[in-house]
Amino acid sequence: MTTSTKQSGDLLAVENYSGGFLTDTGELTPILHDVTFSLRQGNLTAIVGETGSGKSLIALSMLGLTPGTFRRTTGSILFDGQDLGSMTEPQWRQVRGSQIAMVFQDARAALNPVLSVGRQLIDACRANRGVSAREARTIATEALRDVRVPEPEQRMRQYPHEFSGGMAQRVMLALALICRPRLLVLDEPTTGLDVTIQADIMELIVEMTRSHGLTACLITHDLGVVAETCDDVVVLFNGRIREVGTCYQVLTDPTDQYTRGLLRASRFEEAA
Ligand SMILES: Nc1ncnc2c1ncn2[C@@H]1O[C@H](COP(=O)(O)OP(=O)(O)O)[C@@H](O)[C@H]1O
Ligand SMILES: [Mg+2]
């Protein structure tokens, strides 16, 4: 495990980031308060915290996809030194997918329902890699094979509704990886899937992240998964950071009361 400094080893830095939602009357309901953490290059960082703590909002902020009523009030998010908050939509189109990719919770809803899976993979591949249609088809088929979708040639012709939740999540992962991003953001990628396949999908995610040398941010409420797979962890509660550190440090010797409670609740302490 590296002990890189903020300047040299961080791919993304969230600094004093605050924001909330505008109400109908034009007032701001604050949600995120002074959030500060960073994603170290090549590391898998988990963001944990209960529902409503602001995890998805942080993920969406990394992709410039926050709802229209969201307003940042302080701070910034720097990706490789560039302030994401000051980017225009055309600039975002250069970054989203190709530099920062996201895997959402509900893959079938995130995929385009009217295009075959093959078409979506081929289009993403061509847009990001400047290859011919023929090459893109080969790469796309291989991408499906890599995420262990059986019979990828046949599957290329099928539409998202023909895939199970788990298979759709594999497709989503292939779609994210085919663009060769530098950062992969995964928002509860196995929540909602059949429990019997959650572990397989998580294992695949970790394997693909590691083998591609990606920096990844995994949002989850499963501390068991964090303990097994992640390097660093950020604990969020009610829009505030409670604790940040390496997984080892935070899971074995938490300094924060809330983190201790989370650990107790997940019974991780007994297993450790
Ligand atoms: N579009 C929205 N308008 C108003 N409030 C929202 C909107 N989206 C999320 N919120 C609120 O922001 C808070 C954080 O939400 P979210 O980031 O989705 O939490 P998490 O992913 O940790 O469950 C919640 O209180 C939620 O109700
Ligand atoms: Mg969420």
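This section describes the sheets, helix packing and nonpolar cores of a predicted model.

The strands of a sheet pair through backbone hydrogen bonds, either parallel or antiparallel. One open sheet in the model consists of 6 strands in the order 6-7-8-3-9-10, with mixed pairing. Its edges are formed by strand 6 (100-103) and strand 10 (240-246); each has a single partner strand, so one side of each lacks a neighbour in the sheet. From one strand to the next, the twist averages 15°.

Within this sheet, strand 8 (residues 215-220) is joined to strand 3 (residues 44-48) by 5 bridges, and the two run parallel. Ala46 has Leu218 of strand 8 as its bridge partner. Strand 7 (residues 183-187) is likewise parallel to strand 8, with 5 bridges joining them; here Val185 is partnered with Cys217 of strand 8. Strand 3 also pairs with strand 9 (residues 232-237), in the parallel sense and over 4 bridges. In that pairing, the bridge partner of Val48 is Val235 of strand 9.

Strand 8 is mostly covered, with 6 of its 6 residues buried. Thr215, Cys217 and Ile219 lie on one side of the strand, and Ala216, Leu218 and Thr220 on the other; both faces are covered.

Helix 8 (residues 165-178) packs on the 6-stranded sheet, where it touches strand 6 and strand 7. The direction of helix 8 makes about 180° with that of strand 6. Helix 8 also packs against helix 9 (residues 195-211), at an angle of about 10° and with the axes 10 Å apart. The two helices are therefore roughly parallel to each other, since angles under 35 degrees count as such. On the helix 8 side, the contact is made by Gly166, Gln169, Arg170, Leu173 and Leu177. Helix 9 contributes Ile197, Asp200, Ile201, Leu204, Ile205 and Met208. By type, the residues of this contact are 7 nonpolar, 2 polar and 2 charged.

The largest nonpolar core contains 56 residues, of which Leu121, Leu173, Leu184 and Val226 touch the most other members. Helix 8 gives the most to this core, with 10 residues. Leaving aside residues up to four places away in sequence, Leu173 touches Val103, Val147, Leu184, Leu186, Leu204, Ile205 and Met208. A second, separate core has 30 residues, among them Ala59, Met87, Val185 and Ile219.

The model also has an open sheet of 4 strands in the order 2-1-4-5, with antiparallel pairing. Strand 2 (28-40) and strand 5 (82-83) are the edge strands, each pairing on one side only. Strand 1 (residues 10-22) and strand 4 (residues 70-79) run antiparallel and are joined by 8 bridges. Thr74 of strand 4 is the bridge partner of Ser18. Helix 2 (residues 55-62) packs on this sheet and touches strand 1, strand 2 and strand 4. The direction of helix 2 makes about 65° with that of strand 2.

Thr88 is located in the loop between strand 5 and helix 3 (89-95). Thr88 has a relative accessibility of 42% and therefore counts as partly exposed. Between Thr88 and Arg137 there are 32 Å in space, C-alpha to C-alpha, and these residues are 49 residues apart in sequence.

Key: Residues are numbered from 1 along each chain as its sequence is written. Chains are lettered from A and ligands numbered from 1 in the order in which they are written. This is a predicted model: local features need pLDDT of at least 70, side-chain atom pairs count only at pLDDT 80 or more; totals for chains, interfaces and linings use all residues. Side-chain values use heavy atoms; hydrogens and water are left out. Axes are lines fitted to C-alpha atoms, for helices over the stretch in contact, and angles run from 0 to 180 degrees between N-to-C directions. Angles under 35 degrees count as roughly parallel, over 145 as roughly antiparallel, 65 to 115 as roughly perpendicular and the rest as oblique. Contact means heavy atoms within 4.5 Å. Ala, Val, Leu, Ile, Met, Phe, Trp, Tyr, Cys and Pro count as nonpolar, Asp, Glu, Lys and Arg as charged, and the others, Gly among them, as polar. A nonpolar core is a set of buried Ala, Val, Leu, Ile, Met, Phe, Trp, Tyr and Cys residues joined through side-chain atoms within 4.5 Å. Buried means under 20% relative accessible area, exposed over 50%, partly exposed in between (1.4 Å probe, protein chains only). Two strands pair if DSSP finds at least two bridges between them.
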